[in-house]
Amino acid sequence: DALIDEFVTISRAVVVATLLSALAQGILAGLGFWIAGMNYVWMLTVAATFFAFVPFIGAATVWLPCAVYMIVFADQPSWGVFLLIWGVGPVSLADNLVKPYILQNKSNLHPMLALLSVVGGVQALGPIGILTGPMVVVFLQTLLNLLHREISSMDGNEETETITAINKTDDDSPTADGNQSPAIEIGD
């Protein structure tokens, strides 16, 4: 039950993180297009938002050709360089900041572990690793928590048995006046 609950929680967190990350990248790309004076800013913003869902290429599919266009064809190299810097900086980094932050808040993962789960998932499994990386880490964390809880409960039972055994031996010890305390024996 705990694993299913964690699966539902992390699945929702990954979907929300992916949506908000793509939205943040699209908005930042749109802001860059507007500052650079591009035509069709809304269309480019929507395209950048949709392409941000695609791992690795993402919003760069839109802002990179726009920057090249401004440098080569529009004779506005300064704005093209601005778009390059803006795309590599805030637009691309938004994915690395938004996803771990949301995963950390929704799934109770440490921010560094959330970031490593996304990056490690992509490294190990490719684009699908964005979804499976955090899930694997949360499942492992849940299993370790369950194991810890079980070991703690077993240790608690052993401590209770030990305390009971100690109390029984204390009852059999002589009292201050040298007499044995009375013991009740069952089944002689």
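Which helices each supply at least two residues of the lining of the largest cavity? I'll come to that after the ground rules.

This is a predicted model, where local features need pLDDT of at least 70, side-chain atom pairs count only at pLDDT 80 or more, and totals for chains, interfaces and linings use all residues. Residues are numbered from 1 along each chain as its sequence is written, and side-chain values use heavy atoms, with hydrogens and water left out.

First, the cavity. On a 1 Å grid over the protein atoms alone, a cavity is a set of points where a 1.4 Å probe fits but cannot get out; a pocket is an open set with protein on both sides within 12 Å along at least five of seven lines; lining residues have an atom within 4 Å of a point. Points are joined across faces, edges and corners, and volume is the space filled by probe spheres set on them.

The whole structure has one cavity of 30 Å³ or more, and the largest holds about 30 Å³. Its lining is Val14, Ala17, Thr18, Lys99, Leu103, Val118 and Ile130. The answer to my question is α1 (2-36) and α4 (77-107), helices being DSSP runs of H or I, at least four residues, numbered from the N terminus. α1 gives the most, three residues.

Now the pocket. The largest has about 450 Å³ of space and 23 lining residues, with Pro55, Phe56, Ser92, Asp95 and Asn96 nearest its centre. α3 (60-72), α4 and α5 (111-125) each supply at least two of the lining residues, and α4 gives the most, with seven.
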